[in-house]
Structures are given as structure tokens and as C-alpha cells.
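Open the model in your viewer and keep the sequence beside it. This tour tells you what to select at each stop and what you will find there.

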Amino acid sequence: MDELNQNLMRDEIRVGANLDAWLAHGGGEGLAKALQDPAAIIAEIAQADLRGMGGAGFPTHKKWTPVAAAPEGDKYVICNGNEDEPGTFKDRFLLEHTPHQVIEGALIAALATRANHVILYVNPHQQHSLAATREAARQWRAHRLFTAIEQTIGRTVELRVLASSGLYIGGEETAVIASVEGGFPFPRRKPPFPAQQGVHGAPTIVNNTETLAHVPGILRHGAQWYRDLGVGDAAGTKLYSLSGDVLRPGLYELPMGTSLATLVFQYGGAMLQDKKFKAVFTGGPSNTLLTQRELDVALDFDSVRQRHSRLGTGAMIVVSEGTSIVRKVAEYVSFFAQGSCGQCPPCKGGTFQLMRLLNRLDTGRGVRADLDALENLCRILPGSGRCGLIDGAVTVVESSLNRFREEYEALVA
Ligand SMILES: Cc1cc2nc3c(=O)[nH]c(=O)nc-3n(C[C@H](O)[C@H](O)[C@H](O)COP(=O)(O)O)c2cc1C
Ligand code: SF4
């Protein structure tokens with residue numbers, strides 16, 4: 001992709017925590033425009049069709065609108081930089097290499113909603129990202145653009161960096177809120193949604209780091225510019241974390257709607273050792289597997305959903321022929337079982353049972369009853385937890401059973 005068509009990863013804006021360098025390359029222009037007409041910000045974000053990059057693809061303006069409409073009082077904008085899912089490595093890049101872009105996006109969100117707390121919630125295992133974000137926030141607090149925001153909304157704004165627990169579950173949005181309140185990151189049921197009742201009961205926006213990083217470019221160049229970056233009806237660009245059995249794994253910013261085949265074979269440079277493509281675990285391994293027949297799918301939220309999967313975070317873990325799907329699924333389900341916070345008995349027990357059955361099958365100790373038990377769990381577990389962790393674990397098991405049934409059958413033959 002032509003670098004000029006990128007929004008987030010252009011070489012010249014990879015300036016780390018150097019605010020002057022960010023401002024010298026067009027940084028701050030989006031915020032300056034937003035300051036001229038704060039009431040128009042949300043409409044611009046809506047027109048750009050910016051979607052949440054943290055997994056669900058939820059329209060960003062729909063999160064911001066109720067917070068903007070809420071009565072004056074404490075309001076929070078939280079940038080979710082927890083990122084602990086296997087195969088996802090985009091937010092740490094943004095926070096380390098272009099933290100001012102992320103912070104400017106969060107400040108524009110605060111301006112649009114008159115929020116007086118802006119919190120950057122960063123995974124402490126990613127030490128370079130955490131250090132860069134802390135330094136970048138320090139620089140913003142001393143800058144006149146920050147003072148201009150306070151003057152425009154008529155109140156003092158807190159801009160703070162908070163190290164998360166570093167646990168996978170700590171990235172779920174209600175767990176983020178619990179952490180910010182000083183507690184253990186236990187998710188809670190929704191509704192109420194954070195926009196209605198977030199940190200200490202105040203209206204709260206929780207947005208993914210990549211989502212917020214797109215905001216300055218949209219305000220600077222306009223919604224139409226952003227829309228035109230995408231392929232067809234898909235708007236903007238997307239960071240795809242490509243890993244697994246490809247020659248050139250890495251982080252790619254490509255037009256939203258780029259095909260899976262283009263990502264794997266053109267940018268990924270073909271399969272390792274010329275092996276045959278087998279499947280992709282998408283969006284973190286908590287979605288339906290994409291296979292050979294989906295190689296033509298456009299990688300945008302709506303097109304991937306039409307193929308009964310989800311784009312998720314844009315993580316694509318590629319596996320080649322010869323890789324055992326059962327083993328890969330067992331590994332990912334172990335991750336979910338260990339990540340379960342244990343509040344909901346069906347999740348704690350269910351993910352553990354899934355892991356136990358998969359491990360037994362994978363190591364050749366399984367019997368047909370294990371396969372039946374696996375299928376039964378896939379029927380009863382969905383929707384039984386307070387958050388999406390349990391559903392993600394079931395989805396990857398169920399989709400592997402649907403698409404690679406013969407591999408399971410071979411293990412109990
Ligand atoms: C178990 C679990 C872990 C999650 N971890 C993250 C995370 O690390 N970062 C993130 O942005 N979203 C994470 N999410 C999604 C968030 O709950 C939330 O949807 C997201 O931060 C919203 O941002 P967006 O609208 O900009 O996508 C997680 C969800 C679940 C169920
Ligand atoms: S579904 Fe699992 S991870 Fe989510 S709150 Fe319940 S026990 Fe915790």
C-alpha cells in the first residue's frame with residue numbers, strides 16, 4: 001500500500017514520545033479543527049464510519065453520543081491498551097511508536113463529550129509502550145493545545161496513564177472500569193453500558209487504542225478522505241496483525257476491505273516452506289476459523305460477518321497443511337481457561353472441561369464420548385457468562401468441529 005494512503009503507520013509520524021516532532025508532521029491539526037467546532041466532531045466521526053477496532057466493530061459515534069448528551073459532571077474517556085490476546089500486537093506498536101496520535105484521539109473524544117478525565121490504560125508487560133505513553137502524556141499536559149481544551153470545556157482535565165493488571169480479562173470494558181476504580185478487573189453484566197454507568201457511576205467511553213488513533217486523521221483530513229481509504233463500502237484502514245506460517249509475518253496497515261488472500265499471499269509473502277494454506281484463526285483466536293473457501297473474503301467487519309465469522313481485532317494467525325487444528329484449538333482454549341476470572345461457574349468449569357477434553361483428544365487418549373461431551377458443552381455454554389470470554393472459547397471449538405470434523409474423528413477412530 002502507498003504510504004500516503006495510511007493513517008496510522010506512516011514513517012514520518014513514528015516519532016515516539018516527541019510531541020514537537022508529531023506536531024511538525026501534521027499532528028495537532030485534527031485537534032485544532034476540533035477546537036474550532038466541538039459540536040461537529042461526532043457527526044464527522046459518524047460520517048467517517050469509524051468502527052471499534054477492539055473486536056466488535058461497534059460504530060464509535062454511537063458510543064460517544066450518549067456520553068456527550070449526558071448532563072454535566074464527571075465523564076471519562078478511557079483508551080484501552082490492555083492487548084493481551086494471542087496474535088494481536090497492534091496497540092503496543094501505536095503506543096510505543098506514535099503515542100501522541102493516540103492521545104490526540106482521546107483528547108478529541110474528551111472535547112466532543114466534555115469529558116474531564118482521560119485515562120490511558122496500558123499493559124505493563126509492554127514496558128516500552130507504557131514508558132512512551134507516560135512521557136507523551138507528560139508533554140501533552142504542558143502544551144497550549146491541552147490548555148485550550150480545558151478552556152473550551154470550562155473545566156480542568158485530568159490526563160493520566162494507568163498500568164493495567166496485564167491480565168487478559170483486564171481488557172474487557174467493564175473490567176477496565178473496575179480497574180480504574182481501583183478494584184480487581186472483574187467484568188460485570190451489561191446493561192448498564194459504560195456510557196450510562198461507567199467509572200464511579202459516571203458516563204464513560206472505553207475505546208480501543210487503534211480506534212482512538214484513527215480520530216486525529218479523520219478530523220484533520222475530513223470524513224470523506226477517511227472513507228476513501230477503504231475498499232468499496234468499507235471505510236478507512238485497518239491494522240492487521242499477521243502471524244503464523246507465512247514468510248513475512250508482521251503488522252500491516254491496509255485498506256479496510258483488503259482480501260484475506262492479498263494479506264496472506266501478497267503482504268505475508270506466501271506460505272512458509274511452500275506448504276499449502278489450511279486456515280486462519282481470526283481476530284484473536286476467539287472467532288470462527290476461516291478456511292480455503294474464505295480466502296476471497298474482504299477483511300472488513302460486515303463482509304467477515306457475512307461469512308459467519310468476525311474480524312475482531314484484525315489478528316490473523318495463519319496455519320498450513322500439516323498443522324493439527326485440534327492441537328491449536330487446545331492451546332487457545334487453555335489460554336481462555338487460564339484467563340477466566342472465575343466469577344461465573346459455567347465459564348470457570350466449562351473452559352476447564354473444554355481444555356481437558358481437547359488435551360485428551362490431542363494426545364491420543366480420547367474416546368468418542370469425549371467428542372460428544374465437547375459438542376454438548378458447545379451447546380450449553382454460550383451466553384452463560386457475564387462477558388464474552390466463554391463465548392469466544394466455545395466459538396473456536398465449535399467452528400473447528402464444523403470445519404475440521406475429520407481431524408477429530410481420526411483421533412477417536
Ligand atoms: C475477555 C475480553 C478481553 C478484551 N480485551 C480487550 C483489550 O485488551 N483491548 C480492547 O481494546 N478491547 C478488549 N476487549 C473488548 C472490550 O470489551 C471493548 O469492546 C473495547 O475496548 C471497545 O473498544 P472499541 O469500541 O473501540 O472497539 C475485550 C473483550 C473481552 C470479552
Ligand atoms: S464469563 Fe468467564 S471471564 Fe467473563 S466474567 Fe464470567 S467467569 Fe469471568
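One definition before the first stop: a residue is near a molecule or strand if its C-beta atom, placed from the backbone, lies within 6 Å of it. This is a predicted model, in which local features need pLDDT of at least 70 and side-chain atom pairs count only at pLDDT 80 or more, while totals for chains, interfaces and linings use all residues. Residues are numbered from 1 along each chain as its sequence is written, and chains are lettered from A and ligands numbered from 1 in the order in which they are written.

**Stop 1: ligand 2**

Select ligand 2 and the 14 residues around it. Cys341, Cys344, Cys347, Gly385 and Cys387 come nearest. What classes make up this shell? Eight residues are nonpolar, four polar and two charged. Here Ala, Val, Leu, Ile, Met, Phe, Trp, Tyr, Cys and Pro count as nonpolar, Asp, Glu, Lys and Arg as charged, and the others, Gly among them, as polar. Two helices, α15 (345-362) and α17 (389-403), each supply at least two residues of the shell. Helices (H or I, at least four residues) and strands (E, at least two) are DSSP runs, numbered from the N terminus.

**Stop 2: helix α15**

Now select α15. Its 18 residues reach 25 Å from first C-alpha to last, close to the 26 Å expected at 1.5 Å a residue. The expected span is 1.5 Å times one less than the number of residues. Colour its buried residues: Cys347, Gly350, Thr351, Leu354, Met355, Leu357, Leu358, Leu361 and Asp362. A residue is buried if 20 or more other C-beta atoms, placed from the backbone, lie within 10 Å of its own, exposed if 12 or fewer, and partly exposed in between. An α-helix has 3.6 residues a turn, so residues three or four places apart point the same way. The cover over the buried residues of α15 includes α14 (325-339), α16 (368-380), α17 and α18 (405-412). Step just past the end of α15 to Gly364, which takes a positive phi of about 75°.

**Stop 3: helix α14**

α14 has 15 residues and reaches 21 Å between its first and last C-alpha, close to the 21 Å expected at 1.5 Å a residue. Its buried residues include Ile325, Lys328, Tyr332 and Phe336. Among the elements covering them are β7 (277-282), β9 (315-320), α15 and α17.

**Stop 4: the open sheet**

Select four strands in the order β3-β2-β1-β4; they form an open sheet with parallel pairing. Two strands pair if DSSP finds at least two bridges between them. β3 (158-163) and β4 are the edges, each pairing on one side only. The twist averages 20° from one strand to the next.

Six bridges join β1 to β2 (residues 117-122), with Tyr76 opposite His117. Five bridges join β1 (residues 76-81) to β4, and Asn80 stands opposite Asn208.

**Stop 5: Arg92**

Finish in helix α5 (residues 91-97), where Arg92 lies. Is Arg92 buried or exposed? Arg92 counts as buried because it has 22 C-beta neighbours inside 10 Å. Leaving aside neighbours within four places in sequence, Arg92 is in contact (C-beta atoms, placed from the backbone, within 7 Å) with Glu83, Gln126 and Ser129. Val122 is 30 residues away along the chain, yet the two C-alpha atoms are separated by 8.5 Å.

Key. Contact = placed C-beta atoms within 7 Å. Axes fitted to C-alpha atoms, helices over the stretch in contact; angles between N-to-C directions.
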